[in-house]
Amino acid sequence: MRHVLFDYGNVICLPQSDADAARLAQGVPGFEERYWELRLEYDRGTLDDTAYWSAVYGRPIAGAELDQALALDVASWSHPNEETLAIVDELAAQGVPMALLSNAPASIADGVDLLPFMAPIRPRFFSGRMGLVKPDLEIYLRTADSMGVAPGDMVFVDDRLENIEGAERAGMTGVHFRDAATLRDDLKLVL
């Protein structure tokens, strides 16, 4: 049986809302640009929480202020995509094995691990814990190896085409997530 390997952001959870982004930004000029410009290195784990958030806010951040930024960031990525979760429930009922591979720093990973709606999806692989990011070939190969599953027996679902291409280079079947209805149809073709 093929395994379904899901991305998290914009697939299992909804995109970060403007309201959540504004709460994080706290009116700091250039916040959004720095948030995304530095995010891949944060996701890779080469920037720790203090270094990343200090760079994003443009000044040193520590203590309670850092804790607040971390909590707001986790909360902003914790809104489930109920339509995708309906598919997850269908797959679970059919006995389809599922896992997660997400570009996310360890702080987000810790928060996602606590979300009740993530229960059917295990194991979970997060870039910040692996020191690798999608679309690097090694992250897909290491995930498959950790699961004891050949890449050819895995279907990878992601909203970003470059991540799909990385998975396909590793030998996985890629499914580009656009919306839940299309995902349901696409999975019928590959499972």
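A: Start with a definition: contact means heavy atoms within 4.5 Å. Bear in mind that the model is predicted.

Q: What does Trp 53 touch?
A: Leaving out residues up to four places away in sequence, Trp 53 touches Leu 24, Phe 31, Tyr 35, Arg 39, Tyr 42, Ile 61, Leu 66, Ala 69, Leu 70 and Asp 73.

Q: Which residues have the most contacts inside the largest nonpolar core?
A: They are Phe 6, Tyr 8, Ile 12, Phe 31, Trp 53, Met 118 and Val 157. This core has 45 residues.

Q: Why are H6 and H11 called roughly parallel?
A: Angles under 35 degrees count as roughly parallel. Helix H6 (residues 82–93) and helix H11 (residues 180–190) pack at about 25°. That value falls under the cut-off, so H6 and H11 are roughly parallel to each other. Their axes are 8 Å apart. The crossing of H6 past H11 is right-handed.

Q: Which residues of H6 and H11 meet?
A: H6 brings Glu 83, Thr 84, Ala 86, Ile 87, Glu 90 and Leu 91. H11 brings Ala 180, Leu 183, Arg 184 and Leu 187. By type, the residues of this contact are 6 nonpolar, 1 polar and 3 charged.

Q: Is Asn 81 buried or exposed?
A: Buried means under 20% relative accessible area. Asn 81 has 12%, so Asn 81 is buried. Its place is in the loop between helix H5 (63–76) and H6. Asn 81 touches Val 11, Ile 12, Cys 13, Leu 14 and Phe 177, not counting residues up to four places away in sequence.

Q: What makes Ala 104 count as buried?
A: The cut-off is again under 20%. Ala 104 has 4% relative accessibility and therefore counts as buried. Ala 104 lies in the loop between strand E2 (98–102) and H7. With residues up to four places away in sequence left out, Ala 104 touches Asp 43, Phe 126, Ser 127 and Gly 128.

Q: Which C-alpha atom is separated by 8.3 Å from that of Ala 104?
A: It is the C-alpha atom of Leu 40. Ala 104 and Leu 40 are 64 residues apart along the chain.

Q: What is phi of Asn 10, and what is phi of Gln 26?
A: Most residues other than glycine have a negative phi. Phi of Asn 10 is near 70°, a positive value. Phi of Gln 26 is near 50°, also positive. Asn 10 sits in the loop between strand E1 (3–6) and helix H1 (18–25). Gln 26 is in the loop between H1 and helix H2 (31–37).

Q: Where are cis peptide bonds found?
A: Most peptide bonds are trans. A cis bond joins Arg 122 and Pro 123, with omega about 0°. The bond from Lys 134 to Pro 135 is cis, with omega near 15°. Pro 123 is in the loop between helix H7 (106–112) and strand E3 (124–126). Pro 135 lies in the loop between helix H8 (127–130) and helix H9 (137–147).

Conventions
Residues numbered from 1 in each chain as written. Predicted model: local features only at pLDDT ≥ 70, side-chain atom pairs only at ≥ 80, totals over all residues. Heavy atoms only, no water. Axes fitted to C-alpha atoms, helices over the stretch in contact; angles between N-to-C directions. Helix = DSSP H or I, 4+ residues; strand = E, 2+ residues; numbered from the N terminus. Parallel < 35°, antiparallel > 145°, perpendicular 65-115°, else oblique. Left-handed = near helix turned anticlockwise from the far one by under 90°. Nonpolar A, V, L, I, M, F, W, Y, C, P; charged D, E, K, R; others polar. Core = buried A, V, L, I, M, F, W, Y, C linked by side-chain atoms within 4.5 Å. Buried < 20%, exposed > 50% of the residue type's maximum accessible area, 1.4 Å probe, protein only.
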